[in-house]
Amino acid sequence: MTSAPLLIELRTEELPPRSLLKLSTSFAQGVHQGLVNQHLAPTHASVQVFATPRRLAVLIEGVEGVQPERPVERKGPSRKAGQAADGSATPALQGFARSCGVAVDELELRTDDKGMEYYVHPSLQRGIPLAEVLPVLLDQVVRQLPVAKVMRWGSGDSEFVRPVHGLMVLHGERLIPLSLLGQSSSRQTLGHRFLGAGLLTLDHASSYAALLEREGKVIASFAERRQRIQQALNALALPHHVLAGPELLDEVTALVEWPTVLEGRFDPAFLEIPQECLILSMQQHQKYFPLGDARNQLQPRFLLVSNLETATPAAIVQGNERVLRARLADARFFYQQDRKIPLGERRAHLDHVVYHQRLGSLGARVERLSQLAERMASALHLPGAQARRAAQLLKADLGTDMVGEFPELQGFMGRDYARHDQEEEEVALAIEAHYRPRFAGDSLPTTPLGTVMALADKLETLVGIYGIGQIPTGDRDPYGLRRATLGILRLLMDKAPALELPTLLAWTEATFPQGVLDTVALGSLPAFIQDRLRGLLRDQGFDQALVEAVVSPLPARLDQLSAHLQALASFRNRPEAIGLSAAHKRIRNLLKKSGPTQSVPPAPLQEPAELDLQERLQALQPRIASFVRQADFSAALSALAELHAPVDRFFTDLMVMCEDPGLRAARLALLQNLESLMNQVGDLSCLSS
């Protein structure tokens, strides 16, 4: 059989829109990789992925109808075990030949990587037809799809993310008969529920997308459907632009098969409501696309994507405008009611809301945030009264009707209500900013007070939840501690507050009542933070050696981390770097092997090499310390490079682990001081890896 395109379609009830893209990609990749593993498709075959609300499909070019015959070798006994002293075949070799169905003289000798000879039986393995491979392959692929929850339907025992109502498997023009998820394969599929021409019969696998679009009114390709929607949105939005992000576009693409973009309007009077409320209401509940002007100010227009093409779209638009009007009226009511009670009066309500059973109420959490924020503000010479007021109001909007209806608006509503209550602008901005960054790539606070509040919020979450033993494992991170840690790291690195991480962790721990936190659990928190920092720096493009050099001795001042990395990257290119890096690794190993410091008093150093190193070390220590205080890490490393020759001479001329315990203790103490100096900018031993 010659190669041909292979089409596989699973026709289902409406699939979860937010999972559709991931499901379709996994399905296509699983089928293709399975065919590659079975030697039925090339690794770089053209793979077209199709996904609509009611189908998952894949078209793979160049799929063979039968596996090619493959040479295989069955390994038998070694030559020593298979050949007697007189050269005749041993019973072991004769038995191996019989099991292969051949005579002993038809076996061949091979030599393995270790130079040992052994007997083999070479043969050709018959190729298995595609029709025999696919049932098992597809069953495995379906079972491995990323489905959080499966369903059963009818009287059968099949399980899938949604009930399956059709299966099509075509290899070129040939129908491959098989069963999957309770369905037998056929040549037929269905188009659009209302616009399609009923059952469609496919003559060839490659005609799938064209037939569905022409007769079925279905754009099968998710990517093509998304592109068409995007183009129509951009064109119809003019002279404005779409304010929604790519997540809404992906979700809407997963909801329609034949998209038609229409324009609707709403009463400009609703614009008195903060635009975050209006945008969220449009996007979350109705999947509408809000429009903004050049200054990103919301306009009283919106775009919607209909799954119907009709000669009278006005009825669709009017219906959606009517629904949106009711939604916005609810939002306006919540907004007007919320503003009748000042945020400051809502603070007391938090005392009756449980934050965590072991950590108390939200009110208790606010008090911890206040203590921590005031301490940080004092260290940064910020107004303590502003920090205290902002901390008291940070969580007050959680008791409002608007946030109760739209939890995503917490912070945004607090900022707006604070402005309405005539709080200081710095305080209002800090209330919204304390949630930032809300997700990877989100913007950071723009004010110093906002940075302090964001740090306080994330530090209290991290230390508190981690300290009661709720440590993330695998994919489980219900309290978002990884996200909180990345937020802390970004705030300390990018906003550059002159605060030391160990000090911040100690201040945060001190805000909790005695005995609430587990000191054993908190002992592993620095390592948890280090792992997140490693990932963050790797994502920013730094190579493994530089990352380890700065993370291993975790710097207290993360605002200086970039300067550390730049200095180490430059120093690595100097000729002294290789020698010092190797010496640092050797010093560390010696100190590790020596164990804890002995009680033997060190003897005076006597040899020229050790005296020279000691003298140079003592002279450099104040210079390097001064450079580090000034954050001039390149100068510190340049000064450290002066030790290359004396360190090399020390290891060439002397034995550190000598028999004299006093002299050994003195040399180890010298190396201890040297290692401490080498760690000032980063772990130099990592640069040799």
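The legends below describe close-up views of a predicted model.

**View 1. Helix H11 and the elements that surround it.** Helix H11 covers residues 362-379, and its 18 residues reach 26 Å from the first C-alpha to the last, close to the 26 Å expected at 1.5 Å a residue. Ser361 caps the N-terminal end of H11, with a side-chain oxygen that lies 3.3 Å from the backbone nitrogen of Gly363. Beyond the helix comes His381, which follows H11 and has a positive phi, near 60°. The buried residues of H11 include Leu362, Gly363, Arg365, Val366, Arg368 and Leu369, as well as Ala373 and Met376. The packing partners of these buried residues are strand S19 (354-356), strand S20 (360-361), helix H12 (384-393), helix H16 (448-467) and helix H18 (501-510).

**View 2. The largest nonpolar core, with Met453.** In soluble globular proteins, nonpolar side chains tend to be buried together. The largest nonpolar core in this model has 126 residues, and those with the most contacts inside it are Met402 and Met453. Helix H16 supplies the largest share of this core, eleven residues.

View 3. The strands follow the order S15-S17-S18-S16, and their pairing is antiparallel. Strand S15 (241-242) and strand S16 (260-265) stand at the edges, and each has a single partner strand, so one side of each is left without a neighbour in the sheet. Strand S16 is joined by six bridges to strand S18 (residues 298-306), and the two run antiparallel. Within this pair, Glu263 stands opposite Leu303 in S18. Helix H9 (residues 314-338) lies across S16 and S18, and runs at about 50° to S16.

**View 4. Thr519 in helix H19.** Thr519 has its place in helix H19, which spans residues 519-523. Because its relative accessible area is 59%, and exposed means over 50%, Thr519 counts as exposed. Thr519 and Arg70 are 449 residues apart in sequence, and their C-alpha atoms are 61 Å apart in space.

Notes:
Residues are numbered from 1 along each chain as its sequence is written. This is a predicted model: local features need pLDDT of at least 70, side-chain atom pairs count only at pLDDT 80 or more; totals for chains, interfaces and linings use all residues. Side-chain values use heavy atoms; hydrogens and water are left out. Helices (H or I, at least four residues) and strands (E, at least two) are DSSP runs, numbered from the N terminus. The expected span of a helix is 1.5 Å times one less than its number of residues. Buried means under 20% relative accessible area, exposed over 50%, partly exposed in between (1.4 Å probe, protein chains only). Contact means heavy atoms within 4.5 Å. A polar contact is a pair of N or O atoms within 3.5 Å; within protein, one must be able to donate a hydrogen and the other to accept it, and residues adjacent in sequence count only if both atoms are side-chain atoms. A nonpolar core is a set of buried Ala, Val, Leu, Ile, Met, Phe, Trp, Tyr and Cys residues joined through side-chain atoms within 4.5 Å. Two strands pair if DSSP finds at least two bridges between them. Axes are lines fitted to C-alpha atoms, for helices over the stretch in contact, and angles run from 0 to 180 degrees between N-to-C directions.
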